[in-house]
Amino acid sequence: MARNHRVLEFYSGIGGMHYAFKASGHSGEILAAFDINNTANEVYRYNFCKEGRDVVVQRNIDSLPYTYFSSFAATLWLLSPPCQPYTRTGLQKGCADERAKSFLHVMDVLGSMEKENMPEFLLVENVRGFETSSTRETLISRLTSLNYAYQEFLISPIQLGIPNSRLRYYLLAKKLPRAFSSALPAIDQVHDHIPGYIPERSLHTRQIKDYLEQLDVSEGEKYRIKEKTLVKYGQLFDIVKPSSQQSCCFTKGYYHYVEATGSILQMNEDIDRQKTNACFLTLSTDKTTSTVAAATVGADTVATSTSAYSILNLRYFTPSEISAILGFPRDFSFPEHISLKQRYRLLGNSISVEVVKRLIAYLLDE
């Protein structure tokens, strides 16, 4: 008989963990979803609370006592705490960072709860770098003292055949005497694959085009890279084509900043990467797109007055395309009034639903 799990979703954002649990093959109910971001909560409600009760709790987690969380008697906690204390661009202060405060409070809550109301299962998601932080040391110490078994992972969607590099840290924990269905060597080792799945990049990795929308002219123009941006920052772009099997991690700065925020699309499949790079090298010196077409496709095929900007046909991924790559279902959507910038920020702060789905399935496997 299927187990009906009682689930708490911490740092719920736009509901990535919710979707992952629903897709994991296990049954249960989300009892509460905690987040302090007004816009994220609005999107969450729009997708999950159209009918029935509102599970969103817009409160500072560290202001809530352990008795509040204990009252849910949840069997599964899903947690995706703030990543800023552990990123390469952050201060990497770990426990000393103010933004780690709420997660440390959750760990204190866990240690204060009655045994019968403690969750049997936990899943924690964060950026690469968390595994070497003082916060991770505190987490492991607390779990060990409370008699939890745990396994740690660094997993990217590319390992599951998804054309996106989004390497993330994951911790799975089970209350003893429950055991993991697959024993992994060295309890303090961070593993690079989910047991039961191929650890290397699959030969069947999908292409970017599997996730793309058909845009009309006006929509296409909205996402087109502006010519002045191309001239100034062209060499910084990570460019992929619809036939590519790889894209960079999309961050909250996508569409607003250029460097290391995510890939852009070159819709013209006929121009290879070498010629594209030659175009940008010329742009960096000539500062004009009208004189570099020959460097892009050859003087014998196009007049030099033709804009390289139009020849390359570069555009941003749309929010719907990014959400599809992250594994959100087709029926996920944003309220119409949520701005384009906000949509990209929310997606950049979210999770890979497909990876978490498989981790939840593995975690709850009895």
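**Note on the predicted model**

1. From strand β6, the residues Y148, Y150, E152 and L154 point one way while A149, Q151, F153 and I155 point the other way, and all of them are buried. The model under discussion is a predicted one. Because 8 of the 8 residues of β6 (residues 148-155) are buried, this strand is largely enclosed by the rest of the structure.

2. The pairing of β6 involves two further strands. With β7 (residues 168-175), β6 pairs in the antiparallel sense over 8 bridges, and within this pairing L154 has Y169 of β7 as its bridge partner. With β8 (residues 190-191), β6 pairs in the parallel sense over 2 bridges, where F153 stands opposite H191.

3. Turning to the chain as a whole, the secondary structure comes to 13 helices and 11 strands, and 53% of the 366 residues count as buried. Among contacts between residues at least 6 apart in sequence, 73% join residues that are at least 24 apart. The accessible surface of the chain comes to about 17100 Å², and 49% of that surface belongs to carbon and sulfur atoms.

4. The largest nonpolar core has 68 residues, of which L123 and F317 touch the most other members. Helix α13 (residues 353-363) supplies the largest share of this core, namely 7 residues. A second, separate core of 37 residues includes V57, F69, W77 and Y150. If neighbours within four places in sequence are left aside, L123 is in contact with M17, W77, L78, L79, L171, L172, V356, L359, I360 and L363.

5. Helix α2 (residues 38-48) has as its buried residues T39, A40, N41, V43, Y44, N47 and F48. These buried residues pack against several elements, namely β1 (4-10), α1 (16-23), β2 (27-34), β3 (56-57) and α12 (340-348). At the start of α2, a side-chain oxygen of N37 reaches to within 2.9 Å of the backbone nitrogen of T39.

6. In α12 the buried residues are L340, R343, Y344, L346, L347 and G348, and what covers them includes α2, α6 (217-223) and α11 (319-325).

7. A separate point concerns the open sheet of 3 strands, which has the order β9-β10-β11 and mixed pairing. Its edge strands are β9 (239-240) and β11 (314-315), each of which pairs on one side only. Strand β9 runs parallel to β10 (residues 264-266), to which 2 bridges join it, and V240 stands opposite L265 of β10.

8. The remaining point concerns an annotated residue: in an unreviewed UniProt entry, the annotation "active site" covers C83. C83 lies in the loop between β4 (76-79) and α4 (101-112).

Note on methods
Residues are numbered from 1 along each chain as its sequence is written. This is a predicted model: local features need pLDDT of at least 70, side-chain atom pairs count only at pLDDT 80 or more; totals for chains, interfaces and linings use all residues. Side-chain values use heavy atoms; hydrogens and water are left out. Buried means under 20% relative accessible area, exposed over 50%, partly exposed in between (1.4 Å probe, protein chains only). Helices (H or I, at least four residues) and strands (E, at least two) are DSSP runs, numbered from the N terminus. Contact means heavy atoms within 4.5 Å. A polar contact is a pair of N or O atoms within 3.5 Å; within protein, one must be able to donate a hydrogen and the other to accept it, and residues adjacent in sequence count only if both atoms are side-chain atoms. Two strands pair if DSSP finds at least two bridges between them. Accessible areas come from the Shrake-Rupley method with a 1.4 Å probe; for residues, only the protein chains shown count as cover. A nonpolar core is a set of buried Ala, Val, Leu, Ile, Met, Phe, Trp, Tyr and Cys residues joined through side-chain atoms within 4.5 Å. UniProt positions are given in the numbering used here, feature names are shortened, and annotations may be inferred rather than shown by experiment.
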